[in-house]
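The exercises below concern a single protein chain.

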Amino acid sequence: MKVTVVGAGAVGASCAEYIAIKNFASEVVLLDIKEGYAEGKAMDLMQCASLNGFDTKITGITNDYSKTANSDICVITSGIPRKPGMTREELIGINAGIVKAVSSSLIEHSPNTILIVVSNPMDTMTYLAHKSTGLPKNRIIGMGGALDSARFKYRLAEALEAPISDVDGMVIGGHSDTGMVPLTSHATRNSIKVSEFLSEERLEQVAADTKVGGATLTKLLGTSAWYAPGAAVSGLVQAIACDQKKMYPCSTLLEGEYGLNDICIGVPVILGKNGIEQIVDIELSDAEKAHMLNSAEGVRKTNGLLDV
């Protein structure tokens with residue numbers, strides 16, 4: 001099992017670290033355009049191997065895609081990160097060109113690979129990958145919902161004053177501050193709906209805090225977060241690599257599901273060795289349906305800025 005991560009910045013390096021620590025891949029290739037940067041990150045991570053008990057080989061490469069050949073899974077984190085006050089959508093001009101070029105280079109050397117897109121605006125970059133590569137829809141996955149759901153569960157546990165292992169919840173829709181649809185009606189604490197424990201007002205606050213989860217961290221850190229995004233990506237990679245059939249909300253190309261067509265947006269999917277193996281249709285409340293449609297309109301507006 002060979003995994004390539006393009007972009008050795010904070011998110012890419014964290015992703016490589018978590019994949020290595022989980023010890024399911026034989027090799028992780030970390031690629032960056034900055035001379036020596038990926039090599040340095042890889043060396044630092046390899047010096048953790050004996051300390052953290054993993055045997056995964058991590059290789060750093062400067063802009064040589066031939067070294068990524070025959071990768072089973074490729075993760076695209078490259079592009080500029082958000083700065084305080086920026087929306088994910090404002091990154092489109094620079095990141096679209098990067099994602100298009102990176103996707104093409106990866107597929108040239110690994111024609112059977114599965115792509116996981118992390119670069120923002122993520123739903124639009126996932127759509128661009130579909131339009132520019134022509135890969136089957138099951139082999140292009142946008143990572144947003146897994147991260148947003150983790151942030152949702154963090155906020156739910158905080159509100160419930162409960163251990164996070166007690167809490168389950170999911171966020172669908174667009175990976176943006178306004179596009180996220182936290183499914184409060186489906187969220188549970190040990191199978192009991194959280195509405196049994198929390199007032200409607202408190203749940204609305206949880207949802208609001210979830211939506212600005214990334215922006216909150218960007219304001220505090222001065223750049224985008226990396227630990228949770230890296231962990232979220234590693235979860236998707238492991239589900240595919242180990243054929244786990246796990247359900248995650250991911251950005252996927254919809255062709256009639258949820259009443260939407262020709263758009264990549266977050267919905268629950270089953271991940272296995274073939275990538276997206278099933279799109280799961282869940283019942284939404286009228287309010288959730290309305291939020292989902294509004295989210296889709298926002299994604300379409302951003303897609304309209306693409307040159308495809």
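The model is predicted, so local features need pLDDT of at least 70 and side-chain atom pairs count only at pLDDT 80 or more, whereas totals for chains, interfaces and linings use all residues. Residues are numbered from 1 along each chain as its sequence is written, and side-chain values use heavy atoms, with hydrogens and water left out.

**Exercise 1.** Determine which residues of helix α2 are buried and where they sit around the axis.

*Solution.* Step 1: helices are DSSP runs of H or I with at least four residues, strands are runs of E with at least two, and both are numbered from the N terminus. Buried means under 20% relative accessible area and exposed over 50%, with partly exposed in between (1.4 Å probe, protein chains only). Step 2: in α2, residues 37-46, the buried positions are Ala38, Ala42 and Leu45. Step 3: these residues cover an arc of only 65° around the axis, which puts them on the same side of α2; the arc is taken from the directions from the helix axis to the C-beta atoms. Step 4: an α-helix has 3.6 residues a turn, so residues three or four places apart point the same way. Step 5: Met43 and Asp44 are exposed on the face of α2 turned away from its buried side.

**Exercise 2.** Identify what covers the buried residues of α2.

*Solution.* Contact here means heavy atoms within 4.5 Å.

**Exercise 3.** Describe the surroundings of Gly272.

*Solution.* Step 1: Gly272 belongs to strand β13 (residues 261-272). Step 2: its relative accessible area is 0%, and Gly272 is therefore buried. Step 3: leaving aside neighbours within four places in sequence, Gly272 is in contact with Ala239, Ile240, Asp243, Lys245 and Glu277. Step 4: the C-alpha atoms of Gly272 and Cys242 are separated by 7.2 Å, although these residues are 30 residues apart along the chain.

**Exercise 4.** Characterise the interface between domain 1 and domain 2.

*Solution.* Step 1: an automatic or database domain assignment supplies the bounds, with domain 1 at 2-142 and domain 2 at 144-304. Step 2: 36 residues of domain 1 are in contact with 50 residues of domain 2. Step 3: the two domains bury about 3,300 Å² between them, 62% of it on carbon and sulfur atoms; this is the accessible area (1.4 Å probe) that two parts lose on being put together, summed over both. Step 4: three salt bridges are counted between domain 1 and domain 2, each being a side-chain nitrogen of Lys or Arg within 4 Å of a carboxyl oxygen of Asp or Glu.
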